[in-house]
Amino acid sequence: MKEYDVIVVGAGPAGLGAAIEAAKAGARCLLLDENSSPGGQLFKQIHKFFGSKEHYAGTRGYAIGRDLLNAARAAGVDFRLDTKVWGIYPDGSVSATDGKTSVRYRGKAIVLATGASENALSFPGCTLPGVITAGAAQTFVNIYNVLPGRRFVVVGSGNVGLIVSYQLMQAGADVLAILEALPQVSGYGVHAAKIKRAGVPILVCHTIVRASGTDTLESVEIAQVDDRLCPIPGTEKTIPCDTVCLAVGLSPRIELAGVSGCKMAYSPALGGVVPAHDENMEATVENLFVAGDLAGIEEASTALDEGRMAGIRAAYKLGFLGRSAYEQKRQELVGRLDILRSGPLGEKRREAKEEIWRAM
């Protein structure tokens, strides 16, 4: 059984951040991911990030991913791709498979950065070809340069729905409408403003009632909703389209955290059930850390800094970082995370995070 100081599961922004910081401190670090290339969602993100220099303001997501990969390689991180972790044990070991053989690795500390899965929406016709998720649309367009349709209706006005809508238009698609069940847009105003300037209507207090078509999607029926989010009879409208894109949120992928014995907590603002953890990203299992969307659905920049926090904490506890150096890095990250959790939307996530920290 090969041994490492730190094993990181998940090579998205959080996992890369954790691996980079642990390896830079001198820890032998293994990074495992079930995908064929590291970087997670960053390589689907062609828009420019905004915020501070530390948060890669003005840099496109795929460029951030490339920089992080180069930093991880320079730090000496050992990658194992196309490798799915299926077991985690009290002695700090994990079992992983490449689809042919199963291997066990032992780590003195483990960082789980397993990300999130997309939520679906159930309605008559939801299994028709042409009903896809926002992540699938991003993969088609931004990774493979293929338009999965021409005439789109998008469900969900969070940042994902707004950004994917704009990217679909950049790729040549017609976005006919964005539906939002709540009475206000869920995402940042800067993203919504770009959509509105492009002439796309954002229909708040609306939902999809059914999708229709013979062999593939041909139209959708939408309706207004009441204050209990139930369709209001008599408000139905039909929109001819060939693709529905569902951007209705994410749920943390907690399976490995669950089997490891982590205490769980529930936070609707953070996507549902998450592993209880403190401000240093330590879970309730000794020397096990969580970061990124697994620890609560936020932004990619937040996931990256949470990963960095987990990485330096693991390195400090294992003796690779002295107290002074650790505290300096920690305070820098606390300040950056505070900035990311400012503003109306960020403040809600900050409050939700503080509740999770108290759940420890």
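1. How many bridges join strand β17 to strand β18, and do the two run parallel or antiparallel? In this predicted model, β17, which covers residues 264–267, is joined by four bridges to β18, which covers residues 272–275, and the two strands run antiparallel.

2. Within this pair, Ala265 is the residue that stands opposite Val274 of β18. The hairpin formed by β17 and β18 has four residues between the strands, and in this hairpin Gly271 takes a positive phi near 105°.

3. Of the contacts in the protein with a separation of 6 or more, 61% are accounted for by residues 24 or more positions apart.

4. On overall dimensions, the radius of gyration of the protein is 21 Å, which agrees with the value near 21 Å that a compact globule of 360 residues would have. The C-alpha trace, taken along its principal axes, spans about 65 × 45 × 35 Å.

5. Turning to burial and surface, 50% of the 360 residues are buried, with buried meaning a relative accessible area under 20%. The accessible surface comes to about 15900 Å², and carbon and sulfur atoms hold 52% of that area.

Key. Residues are numbered from 1 along each chain as its sequence is written. This is a predicted model: local features need pLDDT of at least 70, side-chain atom pairs count only at pLDDT 80 or more; totals for chains, interfaces and linings use all residues. Side-chain values use heavy atoms; hydrogens and water are left out. The radius of gyration is taken over C-alpha atoms; the globule rule is 2.2 Å times the number of residues to the power 0.38. Buried means under 20% relative accessible area, exposed over 50%, partly exposed in between (1.4 Å probe, protein chains only). Contact means heavy atoms within 4.5 Å. Accessible areas come from the Shrake-Rupley method with a 1.4 Å probe; for residues, only the protein chains shown count as cover. Two strands pair if DSSP finds at least two bridges between them.
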